[in-house]
Amino acid sequence: MNAISAAREVSFRILTRVHGGGYASDLLRNEAAALDSRDAGLAETLVFGCLRYQRQLDFLIDHFSGRPQPKLDQEVRTALRLGIFQLRYLDRIPAHAAVTESVELVKSAHKRSAATFVNAVLRKVNRQAVRWPDAATELSIPEWMLARWERQYGSTIARGIAQAALAEPETYVNPATGRQQDIGAQSIVPLLGIEPGMTVLDLCAAPGNKTAQALAAGGRVTAGDRYLRRLTEVPGEAARVVLDAAEQLPFATADESGRFDRILLDVPCSGTGTLARNPEIKWRLQPSDIPVFQRRQRKMIERALPHLSPSGRLVYATCALEREENEAVIEGLPVLETHSRIPGRDPGDGFFAAVIALK
C-alpha cells in the first residue's frame, strides 16, 4: 500500500469527525500539534477548503462521475472532496499525489470496493470552467440560508456575505490584550463604556478574549461560563464562576452586592457571522435551530437584567446575522443604540450588538 502523507491523513480524519459533529478548529488545534509546520498548514488548508467549498465539491463529484451520486458512503465522499479540492483549487499539489492518496484513504477506511470508482473519477478532474446549476452552488451555501439573507439584506449584500464565507479570514491581534481576536469581536467591549474600578459581569465569557478587554479597560470582572473546562481559558485576573446564563444567576439581588455596573451578554448563537472561520456551520445549521437560539437568548437577557445596577449598561451581542437572534430578541427593551457588522461589507466576522440601559 502506498503511504499516505500525514497532512492528508489528518485532514481525512478531521473531516470525518466534523461530519459526526466535531468542530474543525478544535480538532485541528489538537491533531495538527503533532505535525511539522508544512503539514499542519496543508492540513488546515484542506480541512477548511473542503468545508467552505463543500457544495461546489459535491456538484463536481456528480459532474466528473457523469451522474448524481446521492448514496455515496461518507468516507468515499470525503476522499473525493479532498481529491477534487486539491486538483482544482490548489496550486503546486502534484496531481498523482492528490489522486493516489485519496484512493489510499478510501482503502484505509475499509471501503476498498470504492477505490476503483474514486480513482476513475479523480483522473477525469480538470480545471475547465463549469456552469454551476444555481447561485447557491456557485457560492457554496445552503439555498435556505442564501434566500434568508436576500430577504433580510437584499441580493447584493447576501451575495457578499456568501462570498466572504469562502475566503480565509484575516488574523487580527487586539493591541490592548495581545490576544488574537477578530476585529469585529474587538468592537463589542468598548460599547460597555467601562471606567476604571467598575464592576463588570461577563456572562458566557469563554474563551476570555472579551474578558481580557474588560480587564484592560480597568474593570473588576466576574466571568461566568457553563463549563469549568472552558473557564480555564479565561484570564485568571477575573473572578471565575461556573454558571448557566439562561438559569437563575448565583448572585444576590436584594442589595447592591448582587448588581454590576456593566454586563456583557455575548450569547451562544447560530454563528452565521463567522462562516469563514467556522464553515461547518453552513452544513450543520437548520432553519428550525434559529427559534431555539432565540428563546434561550431572550431568557439570558431576562436573567441578567435584575443584576444590572439602575444606572448601569448591558451589552447584548451575537455573531449571528439573523434578525430573529438580534433585533427580535431585544424588542420591548430600553435600547440606547445598536451596531452591526456584516461580512463582505465590513472587515472581519459579522456581529450584532445592542446597548441596553434601564434609565
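Start by selecting Leu321, which sits in the loop between strand E5 (308-318) and strand E6 (335-341). Helices (H or I, at least four residues) and strands (E, at least two) are DSSP runs, numbered from the N terminus. The model is predicted: local features need pLDDT of at least 70, side-chain atom pairs count only at pLDDT 80 or more, and totals for chains, interfaces and linings use all residues. Residues are numbered from 1 along each chain as its sequence is written, and side-chain values use heavy atoms, with hydrogens and water left out.

**Stop 1: Leu321**

Is Leu321 buried or exposed? Leu321 is buried, with a relative accessible area of 2%. Buried means under 20% relative accessible area, exposed over 50%, and partly exposed in between (1.4 Å probe, protein chains only). Leu321 and Gly273 are 48 residues apart in sequence, yet 5.6 Å apart in space, C-alpha to C-alpha. Next, show what Leu321 touches. Leaving out residues up to four places away in sequence, its contacts include Trp149, Tyr153, Ile161, Gly273, Arg341 and Pro343. Contact means heavy atoms within 4.5 Å.

**Stop 2: helices H9 and H10**

Select helix H9 (residues 143-153) and helix H10 (residues 155-164). Two packed helices are described by the angle between their axes and the distance between the axes. Here the axes come within 7 Å and cross at roughly 135°. Axes are lines fitted to C-alpha atoms, for helices over the stretch in contact, and angles run from 0 to 180 degrees between N-to-C directions. H9 and H10 are therefore oblique to each other. Angles under 35 degrees count as roughly parallel, over 145 as roughly antiparallel, 65 to 115 as roughly perpendicular and the rest as oblique.

Now colour the side chains where the helices meet. H9 brings Leu146, Trp149, Glu150 and Tyr153 to the contact, while H10 brings Ser155, Ile157, Ala158, Ile161 and Ala162. By type, these residues are 7 nonpolar, 1 polar and 1 charged. Ala, Val, Leu, Ile, Met, Phe, Trp, Tyr, Cys and Pro count as nonpolar, Asp, Glu, Lys and Arg as charged, and the others, Gly among them, as polar.

**Stop 3: Ala276**

Go to the loop between strand E4 (260-266) and helix H14 (280-284), where Ala276 is found. Ala276 is buried, at 11% relative accessible area. Pro343 is 67 residues from Ala276 in sequence and 9.1 Å away in space, C-alpha to C-alpha. Beyond its neighbours within four places in sequence, Ala276 is in contact with Arg52, Ala164, Ala165, Ala167 and Pro169.

**Stop 4: Lys210**

Select Lys210 in helix H12 (residues 209-216). Lys210 counts as buried, at 12% relative accessibility. Its contacts, not counting residues up to four places away in sequence, include Asp202, Asp266 and Phe351.

**Stop 5: the cores**

Which residues have the most contacts inside the largest nonpolar core? They are Leu80 and Leu122, in a core of 49 residues. A nonpolar core is a set of buried Ala, Val, Leu, Ile, Met, Phe, Trp, Tyr and Cys residues joined through side-chain atoms within 4.5 Å. H3 (37-52) is one of the helices that supply at least two residues of this core. H3 gives the most, with 8 residues. A second, separate core has 25 residues, including Leu203, Ala245, Leu249 and Leu314.

**Last stop: Thr78**

Finish in helix H5, at Thr78. Thr78 is buried, with a relative accessible area of 3%. Show Phe12, Leu15 and Thr16: Thr78 touches these, not counting residues up to four places away in sequence.
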